[in-house]
Amino acid sequence: MKAMERFYYIELYKLFKRKDVFWSLLISIFVPLLFGLLAKTESDILTISGEKFSAIQYAIMMFGFLKTLFFFCFIFIIFTSSTFAGELEKGNLSLLLVRSENRVKIILSKVLALLTVLMVFIFFVILSGIISYYIFLYNIKFATNEFLGKEYLRFLYMPLLSIFEIALLIMITMLLSLFFGVYKTNLLSIGLIILMKVLEKVDKIKVFIPTYLADINAWGNIYKTEHELLIKVMQNIGFLSIYIAIVLIVTLCYFSKMEIKN
Amino acid sequence: MEVLSVENLTKKYGKKVVLCNVSIKVSKGEIVGLVGPNGAGKTTFIKCITGLLRPEEGSIKLFGYDLFQNYGRVIKDIGLLLEPAFYDYLTALENLKILMIASNNYNLKKIQEVMEFVGLWEVRNKYVTTFSFGMKQRLGLAQALMSDPQFLILDEPTIGLDPIGVNELKEKLVYLSKNKGVSILFSSHQLLDVEEICDKVILLREGVVLYDGVPKEAVKQKEYYIILSNKKFDKNTFEHEIMNNYLDLRDNVLIVRKQEILNNILKKLYDQNIDILDIDIKKAGLLELFYIEGQ
């Protein structure tokens, strides 16, 4: 196995062995099932209005619900800070560093493992949403009983943009981890999300704010045709990718020469 | 053959000099003790020779190769135990497995051999969180030994061990050195640890090597002159003597190691109008003297 593959395997193994990752994944899967059950029983807790929805639309609505609660942002800040700042503080990272001639490979494998976990989370939330739809919502008044439904692409853009948004958050948390401990890194990353959410309200600068770029609900309705929307989505993905690349390059350059004092 | 050759190593944290012109050699099969009080620069030195810290000046050669130019080549032959660091959510066996995979050297038989050597094979499937500090130290030693290192670097391996554990560790280190030809550098602030098993001892204080030689010489009784004043001594006044290891200074205590320079020192004190409260002659070994000071 090549160095990069080895470190990627190690990081992935460690992440999936962690209890916080396991429980967060379980919560992600549980939410669509719970909502489905509440809708089926027409519980008073849940109010459903508007158009009927398809299976994929329901699954992505559930994903959107978790995203609105900043669930993915918070858990991935915690996963990232403990993977970087936590291992730097404890000294685990030193043991890996003295087993590799290339520090960049270690950090890249950590990033790739975190992104893989992010994909797994999104996959399971959507899968759980689709399954709950067919178990609980099929043939009830809110359901179209279709798999894709109308304008499904508009719905699919949301998780796509979210992948880039959360990936950027992972990169920023990783960079902060090189300077601060776990606690401070978590606070600063959460503070940064709040700051971005506030700046989204300022008209002149909101187009540069990553959380705005990734929020299709904020600007998606302006674009009437599928083609226009696709171009805008691609444009925003491009901007987010540039941000990701900048933060990643800065992190790699700093980390490759960083002194491991702990 | 020299396993480690360090020449004039200087390391600073900001403006603070943590290691000053340190030159050390470790030969094949040799056990070298690195002794010094807390803050002497022992861990910093170990981190420099393993590439975790970059020194400002000096050269580090491992197995005859420059460390930073041949990092991948030399680092695979080193076993390192810093402060024991594990993944609490993994078992002892898993902790070792992932490090072996990282070294591209996965071999379950080797893990078993090393875990049996440190006496942890029976508890291999237990989570590290359930381990006592002594068990963690032994697991740390297992981590360091897994890659069959030619050079073992251990930072304070006896900390937290009970006397039986310390003796067991010493026996294992002697076995590795004498039977397998492993060179060992281990740091400690316990005087007895180094005296007993080391072929050579290096005494480090405030980043300066005070002594580099056989432990017997270090514990040989010599005369020292201890000068007491009511004021703190100024380091700059005795810079030359400190650099040459003729003299130690701590607040209002001066320890003069060479009788020949005693008159010169007294003259300097007289010129600076420093009152001398007492001059005492003490017979002690260098390590003993350092140990008393270090406390």
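## Strand β6 and its neighbour in chain B

I78(B) stands opposite F151(B), a residue of β7(B). Four bridges join β6(B) to β7(B), residues 151-155, and the two strands run parallel. Strands here are DSSP E runs of at least two residues, helices are H or I runs of at least four, and both are numbered from the N terminus. Two strands pair if DSSP finds at least two bridges between them.

This is a predicted model: local features need pLDDT of at least 70, side-chain atom pairs count only at pLDDT 80 or more, and totals for chains, interfaces and linings use all residues. Residues are numbered from 1 along each chain as its sequence is written, while chains are lettered from A and ligands numbered from 1 in the order in which they are written.

## The sheet and its helices

The open sheet of chain B has six strands, in the order β6-β7-β8-β3-β9-β10, with mixed pairing. Its edge strands are β6 and β10 (208-213) of chain B, each pairing on one side only. From one strand to the next, the twist averages 15 degrees.

Helix α1(B), residues 42-49, packs on the sheet and touches β3, β7, β8 and β9 of chain B. Its direction makes about 150 degrees with that of β7(B). Helix α5(B), residues 133-145, also packs on the sheet. It touches β6 and β7 of chain B, and its direction makes about 160 degrees with that of β6(B). Contact means C-beta atoms, placed from the backbone, within 7 Å. Angles run from 0 to 180 degrees between N-to-C directions, with axes fitted to C-alpha atoms, for helices over the stretch in contact.

## Chain B as a whole

Chain B has eleven helices and 14 strands. Its C-alpha trace spans about 70 × 40 × 35 Å along the principal axes. Among contacts between residues at least 6 apart in sequence, 68% join residues at least 24 apart.

## Where chain B meets chain A

The contact takes 23 residues from chain B and 23 residues from chain A. On the side of chain B, α2 (71-75), β6 (78-81) and α3 (92-102) each supply at least two residues. The largest share, four residues, comes from α3(B).

## A helix pair in chain A

The axes of α6(A), residues 103-137, and α11(A), residues 226-257, come within 9 Å and cross at roughly 135 degrees. R103(A), V104(A) and I107(A) in α6(A) meet T251(A), L252(A), F255(A) and S256(A) in α11(A).

Definitions and conventions
Contact = placed C-beta atoms within 7 Å.
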